[in-house]
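Have the sequence and the 3D view side by side. We will go through the fold step by step, with a few questions on the way.

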Amino acid sequence: MFEDLQAQFDIRDRVAVVAGTNGLPKVVLTHGEGARAEVYLQGAHVTSWVPAGGTEVFFVSRAAHFAPEKAIRGGIPVIFPQFGSDGPLPQHGFARTSPWELASTAESEHGLVCVTLRLADSPATRAQWPHPFTLDLEVRLDAQALTLALRVINHDDDDLPFQAALHTYFAVADITQTTVRGLQGVSYIDALQGNAQFIECAEAISIDREVDRIYLSTPDRLEVADSGHGRTIHIEKTGMPDVVVWNPWIAKAQRMADFGDDEYPGMLCVETGNMGRHDTLAPLAVWEGTTTFSISEA
Ligand code: TA6
C-alpha cells in the first residue's frame, strides 16, 4: 500500500508514508532527537505531535471519523476558504474534507523534518467556489517545536476572497484547571451572545461553560496553561491576526456525533487565522500565515 508515495517521499528514519486509521494514508515525521508528528493526507490534517521527551500535545476524539470527505475531530483541521458558516460553503469550507497531495519531504541541514502538502482547485472545488488557487501546508518538526505554515496562492486575475485558519485542538488534563493568557484587552466576538462584541478583561481566561469567541487582531504570542499536565503550551504566530477560543462543554458535546459526551474536560481549541475578517488576496498574490507550538514546564 502506498508504495509509489513511499518511494517518492520516504526518508529513512525521518519520514514514512504509512496506513493510518481505517487505512487512510498518513505521513509520520520523526526528528533525530525523538520528537514525532503525524499528518493525514485527508485534509492535510495533523493529528499528533509529541516533542522529544514529552507527551502528546493534541486532542483527537475517540469517536473521530477517519473517512474520505469527513473532517477528523481533533488535531489541527485546516480551515479554508471559509470559517464557520460565515459564507455560502459548508461549515469551515472544503479544505479539511478534501484529499491533499504530497508535494515534498525533507530533512534540513539543522535537522528540521518537513513535509509539504498541497490542495489545488479542481472541478469539485470550482463547483462550490469559482476561484483558481493553490493551498500549501508545510509542517516543520523540530526537537521541541512544531511549525505549520499555511500558504494561499491566487492564480486568478481577480481578487480572491478567503478565510484561512488552523483549528487546533489541544489535549489538556482538566479544562477547569486550564487558562489562556495573552488576550487581555483584546476585542472579541461572542458566538454565544449573538455575535456581540466585548473586550477581554481577564489576564488568564478560565473556562467553566461553553466558550466560542473570535478574538480580533491579537498579539502574536499566546499561552495555554495546562496546569493539570504541569505544562504551558506556547503559541507564536505570524500573519494570523485572529484567534478563536472554543470548548463545547456539556450540551454541545452531546450534540456532536464524532465527539464523546465526556471528552470536553480534556480538550481546548485555540485557533489561529484570519477568521475574524474578510480578507481578499490580490491577483497572483501569496498569503502566508504560520503558527509555532512549543512546550515548557508550567
Ligand atoms: O471553533 C469554533 C467553531 O466554529 C465552533 O462554533 C464549533 O462549531 C467548532 O468550530 C467545530 O465546528 P465543526 O464544524 O468542526 O463541528
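Leaving aside neighbours within four places in sequence, which residues is T125 in contact with? They are F94, A120 and F133. This is a predicted model, so read each value as computed from it. T125 itself sits in helix α2, which covers residues 123–128. Is T125 buried or exposed? T125 counts as buried, because its relative accessibility is 4% and the cut-off for buried is under 20%.

One of those contacts, F133, leads on to strand β8, which spans residues 133–141. Strand β8 pairs with β9, residues 145–154. The two run antiparallel, and nine bridges hold the pairing.

Now widen the view to the whole sheet. β8 and β9 belong to an open sheet of nine strands. Read across, the order is β6-β7-β8-β9-β23-β19-β18-β13-β16. The pairing is antiparallel. Which strands stand at the edges? They are β6 (101–107) and β16. Each has a single partner strand, so one side of each is left without a neighbour in the sheet. On average, neighbouring strands here are turned by 20 degrees against each other, direction ignored.

Go to the β16 end of that order. Strand β13, residues 178–181, has a partner on either hand in the strand order. With β18 (residues 221–226), β13 pairs in the antiparallel sense over four bridges. With β16, β13 is joined by three bridges, again antiparallel. In β16, the bridge partner of R181 is A204.

Follow the chain out of β16. I207 lies in the loop between β16 (204–206) and β17 (211–215). How is I207 placed, buried or exposed? With a relative accessibility of 2%, I207 counts as buried, since anything under 20% falls in that class. Which residues does I207 touch, not counting those up to four places away in sequence? The list is I175, T176, T178, V245, N247, W249 and L268. I207 can also be set against V180, 27 residues apart along the chain. Their C-alpha atoms are separated by 9.0 Å.

Next, the ligand. Which residues are around it? They are R73, Q91, H92, R96, H167, D212, V244, W246, K252 and E271. Three of these can be followed at the level of side-chain atoms. Q91 places a polar side-chain atom 3.1 Å from an oxygen atom of the ligand. For H92, the distance from a polar side-chain atom to a ligand oxygen is 3.0 Å. In D212, a side-chain N or O atom is 2.5 Å from an oxygen atom of the ligand. On its own, the ligand has 390 Å² of accessible area, and the protein covers 85% of that.

Look at β3, residues 36–40, beside β4: five bridges join them, and they run antiparallel. V39 has V46 as its bridge partner in β4.

The backbone has some points to check by eye. Where is A44? A44 is in the loop between β3 and β4. A44 is not a glycine, although its phi is positive, at about 50 degrees. A44 is buried, because its relative accessible area is 1%.

D13 also has a positive phi without being a glycine, at about 65 degrees. The residue lies in the loop between α1 (3–9) and β1. D13 counts as exposed, because its relative accessible area is 56% and the cut-off for exposed is over 50%.

Finish at a peptide bond. F80 and P81 are joined in the cis form, with omega about -5 degrees. P81 is in the loop between β5 (78–79) and β6.

Technical notes:
Residues numbered from 1 in each chain as written. Predicted model: local features only at pLDDT ≥ 70, side-chain atom pairs only at ≥ 80, totals over all residues. Heavy atoms only, no water. Pairing = 2+ DSSP bridges. Buried < 20%, exposed > 50% of the residue type's maximum accessible area, 1.4 Å probe, protein only. Contact = heavy atoms within 4.5 Å. Near = heavy atom within 4 Å. Polar contact = N/O pair within 3.5 Å; in protein donor to acceptor, adjacent residues only side chain to side chain. Areas by Shrake-Rupley, 256 points an atom, 1.4 Å probe, with all protein chains shown as cover. Axes fitted to C-alpha atoms, helices over the stretch in contact; angles between N-to-C directions.
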